[in-house]
Amino acid sequence: MNKGKLRVSIGVMAFNEQANIGKLLDAFLSQELQNVEIQEIIVVSSACQDKTDEIVEKKAETSPLISLIKQPNREGKSSAINLFLQKAKADICLLSSADVLPQKDVVQKLIEVFADAKIGISGGRPVPLNSTKTLVGYCVHTLWQMHHLMASASPKLGEMIAFRRTFSQIPPESAVDEASIEQIITKQNLAKIYLPSAIIWNKGPDNFREYCSQRKRIHIGHLWLAKYGEYQVASSDSFLLLKILAKQILAHPFSAHKILLTVAIETACRLKARLDFSLKKSNPTVWNIAKSTKNLDT
């Protein structure tokens, strides 16, 4: 190992990810790195019922960087992350969803910023592969475009993040793991940085049942974090959201009706989330997987 390089432990949390896990591991192994070194890639498999474990084990036979932790029971993504944190060796960690694909320079870009001791967490720009020809695909793209505008103004990071390992665990009750890590890092007075040139391909749901379920779940997680972690994510700032909405409409004036429909659907999902959180005490740390998000085609 080169002592002059920034070393990173990569963690991938997986549940039935056979469609993409092999491509994701290949993408990490083929990253173009300069002053960054991948020390290890740890996959935490939470009671997978498909060929995820088999695929990871075969990859591990050809690369000593890859290792597999099998979690007997599915206890939620935050619980799996805590297992990763127990095993990670590097002082900088990169946490990735299993159903994404990074461009070839993403690890370099996310990690090189930690040469500055003030940086505590970094994140790239998720870009969806959904078709915009369907309404749900348009909604997915619009939300991620607005997320980009928001993160550029006030960093809100997701899908793939890197952070200093200044803590041993996150709350296992959290259904929004990236936001919980962001909260911990922020309270340690370390800076957040959004890197829009670090492109991470993902795929949103392609049907409204999964789309609305996902949007509701995420907002419940943010409500839980606001109440129990005393932390508000950037997307909870109504004034900022209105500014972002105005920018989005000005950039795409002929699609204003579809943008407003997207916002109306998001508002309905958030209202349902608030009702479920307040009345049903809902907090889905273990959630139903959106199956239509698992096949990425770049």
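The structure is a predicted model, in which local features require pLDDT of at least 70 and side-chain atom pairs count only at pLDDT 80 or more, while totals for chains, interfaces and linings use all residues. Residues are numbered from 1 along each chain as its sequence is written, and side-chain values use heavy atoms, with hydrogens and water left out.

Helices (H or I, at least four residues) and strands (E, at least two) are DSSP runs numbered from the N terminus, and two strands are taken as paired if DSSP finds at least two bridges between them. On these terms, 8 strands form an open sheet with mixed pairing and the order 3-2-1-4-7-6-8-5. Its edges are strand 3 (66–71) and strand 5 (101–102), each of which pairs on one side only. Strand 5 runs antiparallel to strand 8 (residues 191–202), to which 2 bridges join it. Within strand 8, Trp201 is the residue opposite Leu101.

Helix 1 (residues 21–29) packs on this sheet, where contact means heavy atoms within 4.5 Å. The strands touched by helix 1 are strand 1 (6–14), strand 2 (36–46), strand 3, strand 4 (92–97), strand 5 and strand 7 (160–164). Axes are lines fitted to C-alpha atoms, for helices over the stretch in contact, and angles run from 0 to 180 degrees between N-to-C directions; the direction of helix 1 makes about 165° with that of strand 2. Strands 1 and 2 run parallel and are joined by 9 bridges, with Glu37 in strand 2 as the bridge partner of Arg7. Strand 2 is mostly covered, 11 of its 11 residues being buried. Here buried means under 20% relative accessible area, exposed over 50% and partly exposed in between (1.4 Å probe, protein chains only).

Helix 6 (residues 177–187) is also mostly covered, with 9 of its 11 residues buried. The buried residues are Asp177, Glu178, Ala179, Ser180, Ile181, Glu182, Gln183, Ile184 and Ile185. They pack against helix 3, strand 4, strand 6 (119–128), strand 7, strand 8 and helix 7 (208–228). Asn189, which follows helix 6, has a positive phi near 60°. Ser78 lies in helix 3 (residues 77–87) and counts as buried because its relative accessibility is 1%. Leaving aside residues up to four places away in sequence, Ser78 touches Asp177 as well as Ile170, Pro171, Pro172 and Ser174.

Helix 5 (residues 135–153) contains His148, which counts as buried because its relative accessibility is 17%. Apart from residues up to four places away in sequence, the contacts of His148 are Arg125, Tyr194 and Pro196. Arg125 and His148 are 23 residues apart in sequence, with a C-alpha to C-alpha distance of 6.7 Å.

The axes of helix 5 and helix 8 (residues 238–251) come within 10 Å and cross at roughly 120°. The two helices are therefore oblique to each other, angles under 35 degrees counting as roughly parallel, over 145 as roughly antiparallel, 65 to 115 as roughly perpendicular and the rest as oblique. Helix 5 contributes Thr142, Gln145, Met146, Leu149, Met150 and Ala153 to the contact, and helix 8 contributes Leu240, Leu241, Ile244, Leu245, Lys247 and Gln248. These residues divide into 8 nonpolar, 3 polar and 1 charged, where Ala, Val, Leu, Ile, Met, Phe, Trp, Tyr, Cys and Pro count as nonpolar, Asp, Glu, Lys and Arg as charged, and the others, Gly among them, as polar.
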